[in-house]
Structure formats: C-alpha cells, structure tokens
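Q: Please take a close look at a single helix of this chain and at one residue within it. A connected account would be appreciated.

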Amino acid sequence: MVLWIVVLNPSSSFRGLFEACYRSKQGGMGTETGNGKEEAMKNGLDVTGMPLPSSSHSSVHSAGSDPQLKQMLDCLKSTKCPAVINYGASWCGVCSQILRPFCRFSTEFKNLTFIYADIDECPETTQNIRYTPTFHFYRDGERVDEMLGTGEERLHDRLWLHS
C-alpha cells in the first residue's frame with residue numbers, strides 16, 4: 001500500500017503532480033512490459049506514430065499500451081488532476097486533423113493534463129470507445145464530461161469550460 005502525502009503551494013501545478021505520480025508508478029524512467037522488454041517512459045506522442053514536430057506536443061502524455069493508460073488513469077484518480085484524454089487512432093483522418101490543435105491547446109491550458117490514447121495500442125482499456133476521436137474530461141479523479149467528434153473551436157470551448 002502506498003500512502004501519498006501531497007502539499008500544494010501556489011507555484012505547484014496539478015500537471016506536475018500527475019507527472020510525479022506517473023513517474024513513480026513507472027519505477028523511474030523505465031518500465032517492464034508484458035513481454036519482458038525494457039521500455040523508456042514516453043513523453044509526448046512518440047508511441048503513436050503520428051507525424052508531429054516534437055516541440056508541438058511536449059506537454060501531451062501518450063499511452064502506448066493498456067498498462068500505461070491504466071497507470072495514467074490511476075494517477076488521475078489519486079492526484080485528482082483535472083485532465084482531458086483524447087482517444088483516437090493513427091489511421092483516422094479526423095483524429096489526425098484534431099491532434100495538432102489538441103497539442104497546441106496543451107500549452108494554452110496549463111492547469112489541465114493532456115493525454116492521448118490510441119485505441120489500437122490500448123485495446124483492452126479503450127474497448128468502450130465507439131467513436132474516434134472521443135474526448136473524456138476528468139475532475140477530482142472522476143470523468144465528468146465527454147465530447148465525440150472534432151471541431152477546433154468546439155474543443156477549445158470545452159477545454160476552457162473544464163480548466
């Protein structure tokens with residue numbers, strides 16, 4: 001059993017709290033995967049195969065496997081960080097279209113944690129996702145909203161609402 005004692009000061013952020021939680025659950029900078037291979041913790045969209053310049057997605061975390069996504073969800077629940085998860089697929093044209101604004105918004109809404117999960121990389125955890133892209137919004141460790149589909153202005157407004 002792990003006991004988390006967290007003291008927030010005015011300069012600390014929920015995003016930093018989430019990152020610390022995720023790193024500790026990863027056991028540092030690497031994790032043992034189900035097939036026994038050592039895998040470095042991925043920050044950004046490195047595991048998705050989406051063609052984006054690295055500077056445009058530095059504050060978006062990506063889940064490249066079911067265990068990674070489960071750990072991220074556990075961290076959201078334990079730290080109660082406000083967050084948005086973008087469930088998409090590399091083969092989905094609409095997902096690719098909204099991914100660039102999603103990454104850009106991550107630098108605008110700094111108090112939200114941004115996560116991208118590819119449904120093909122996380123099939124077990126995302127089995128209830130029926131439409132891509134789907135956005136889930138979390139507050140206080142609970143899912144409070146869902147947005148199906150795309151629309152840059154629509155996404156911006158929903159992010160503003162939850163930030």
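A: Helix H3 has 16 residues and spans 24 Å from its first C-alpha to its last, close to the 22 Å expected at 1.5 Å a residue; the expected span is 1.5 Å times one less than the number of residues. This is a predicted model, in which local features need pLDDT of at least 70, side-chain atom pairs count only at pLDDT 80 or more, and totals for chains, interfaces and linings use all residues. Residues are numbered from 1 along each chain as its sequence is written, and side-chain values use heavy atoms, leaving out hydrogens and water.

Helices are DSSP runs (H or I) of at least four residues, and strands are runs (E) of at least two, numbered from the N terminus. The chain has 4 helices and 7 strands. H3 bends by about 30 degrees at Leu99, with a proline, Pro101, following within four residues; the bend is the angle between axes fitted to the seven residues ending at a position and the seven starting there.

The buried residues of H3 include Cys95, Leu99, Phe102 and Ile98, where buried means under 20% relative accessible area, exposed over 50%, and partly exposed in between (1.4 Å probe, protein chains only). Ile98, located in H3 (residues 93-108), has a relative accessible area of 2% and is therefore buried. Beyond its neighbours within four places in sequence, Ile98 is in contact with Pro133, Phe135, Thr150, Gly151, Glu152 and Leu155; contact means heavy atoms within 4.5 Å. Ile98 and Gly149 lie 51 residues apart in sequence, with their C-alpha atoms 9.1 Å apart in space.
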